[in-house]
Amino acid sequence: MNINYYPGHMVKAQNDIKSVIKLIDIVVEVLDARIPMSSRNPIVDDIAKEKQRIIVLNKADLADSEETKKWIKHFEENGITALAVDSSIPNDIKKIIDEISKKGEIVYKDKKDSINLEYNPIYRVLIAGIPNVGKSTIINKIAKRNAAEVSNRPGVTVRKQWIRVASNIDLLDTPGLLWPRLDENNAGEKLALTGNIKQDVLDIEGVACIGIEMLLENDKYKKMFLEKYKLNQEDIDTLDSYDILEMIGRKRGCLVSGGNVDTMKASKIFLDELKAGKIGKISLECI
Ligand SMILES: Nc1nc2c(ncn2[C@@H]2O[C@H](COP(=O)(O)OP(=O)(O)O)[C@@H](O)[C@H]2O)c(=O)[nH]1
Ligand SMILES: [Mg+2]
């Protein structure tokens, strides 16, 4: 798939993150809970390898909670703490802050052991991820929780701003922007189906057809899909995904002159509803 993510953007993002990562002790990597593989940056393991790390599976409200649990287990087995988060829930934001504090203690202990610190250092946190996973939302929510302590440090003007998250932990107020992986396993399509890539740069009908096929492959999601679009199993048995898209268009009144279906409009309806969780809580990557 040809997606307009310009190489220039990628190089800039890579340089930006490499210059900021030097300041950082703890990296909070935000993923989309519906696509924990495809929403990971291809080289984040390399970028963050010396750091304490937390994975936030954000938009967990839109994902299949059973699958999210399996992903959390998977990441924990690989030594990375992972949290399921709906960033609109204050308690989920608190879970992130608590986990950051725990990691801060580990960094503190490590540093103390190695250089015998006698003062209390500040540990610095970066929220990083590909576009649209919810980085800014999470930073804003954390900042609001800690509103009393969001500071404009006197004498510091053009430098990055830090938000005091705990007594000795500062969060960088601008997220680390990572670039998406578009290389394998329909990653581009999955990013489009979850709204992480703007749909106007894509073949919308093609993406909608792939989305329909993915839902039909999973019994649980197939049921949700049939219910949502008031389709019967027998209706679709012999149809391909494009025909099914036409049926959806017909049911939703997406018609053009001559009684033909406006499949573009039907695609947009389907994609918008899928992205917004209106078909159900659906994970597009199951482990
Ligand atoms: N359903 C849902 N939407 C979210 C969540 N977190 C963020 N969003 C939405 O995802 C979109 C992108 O969020 P934003 O913070 O701008 O992402 P960023 O590009 O990573 O900074 C916005 O429309 C948010 O409202 C969440 O936990 N659940
Ligand atoms: Mg943002």
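Predicted model: local features only at pLDDT ≥ 70, side-chain atom pairs only at ≥ 80, totals over all residues.
**Entry 1, the shell.** I started with ligand 1 and asked which helix gives the largest share of the shell around it. I found that helix H5, residues 135-145, does, with three residues.

Next I looked up how many residues surround ligand 1. I got 13, and Asp61, Ser87, Asn132, Lys135 and Thr137 are the closest. Then I sorted the shell by class and noted six polar, four charged and three nonpolar residues.

I went through some atom pairs at ligand 1. For Asn58, I noted a polar side-chain atom 3.1 Å from a nitrogen atom of ligand 1. For Lys59, a polar side-chain atom sits 3.1 Å from an oxygen atom of the ligand. With Val133 I had to look at the backbone: one of its polar backbone atoms is 3.3 Å from an oxygen atom of ligand 1.

How much of ligand 1 does the protein bury? I read off 580 Å² exposed for the ligand taken alone, and the protein buries 67% of that.

I moved on to helices. A reminder to myself: a packed pair is described by the angle between the two axes and the distance between them. For H7 (residues 204-216) and H8 (residues 219-228), I wrote down an angle of about 120 degrees and axes 6 Å apart. Roughly perpendicular stops at 115 degrees and roughly antiparallel means over 145, so H7 and H8 are oblique to each other.

Which residues make this contact? From H7 I listed Ile212, Leu215 and Leu216, and from H8 Tyr221, Lys222 and Phe225.

Now for H7 with H10, which spans residues 241-251. Their axes are 9 Å apart and the packing angle is about 100 degrees. Angles of 65 to 115 degrees count as roughly perpendicular, and that's why H7 and H10 get that label.

On the H7 side I found Glu205, Ala208, Cys209, Ile212, Glu213 and Leu216. They meet Ser241, Tyr242, Ile244, Leu245 and Ile248 of H10. I sorted the residues of the H7 and H10 contact too: eight are nonpolar, two charged and one polar.

Note on methods:
Residues numbered from 1 in each chain as written. Chains lettered and ligands numbered in written order. Heavy atoms only, no water. Near = heavy atom within 4 Å. Polar contact = N/O pair within 3.5 Å; in protein donor to acceptor, adjacent residues only side chain to side chain. Areas by Shrake-Rupley, 256 points an atom, 1.4 Å probe, with all protein chains shown as cover. Helix = DSSP H or I, 4+ residues; strand = E, 2+ residues; numbered from the N terminus. Nonpolar A, V, L, I, M, F, W, Y, C, P; charged D, E, K, R; others polar. Axes fitted to C-alpha atoms, helices over the stretch in contact; angles between N-to-C directions. Parallel < 35°, antiparallel > 145°, perpendicular 65-115°, else oblique. Contact = heavy atoms within 4.5 Å.
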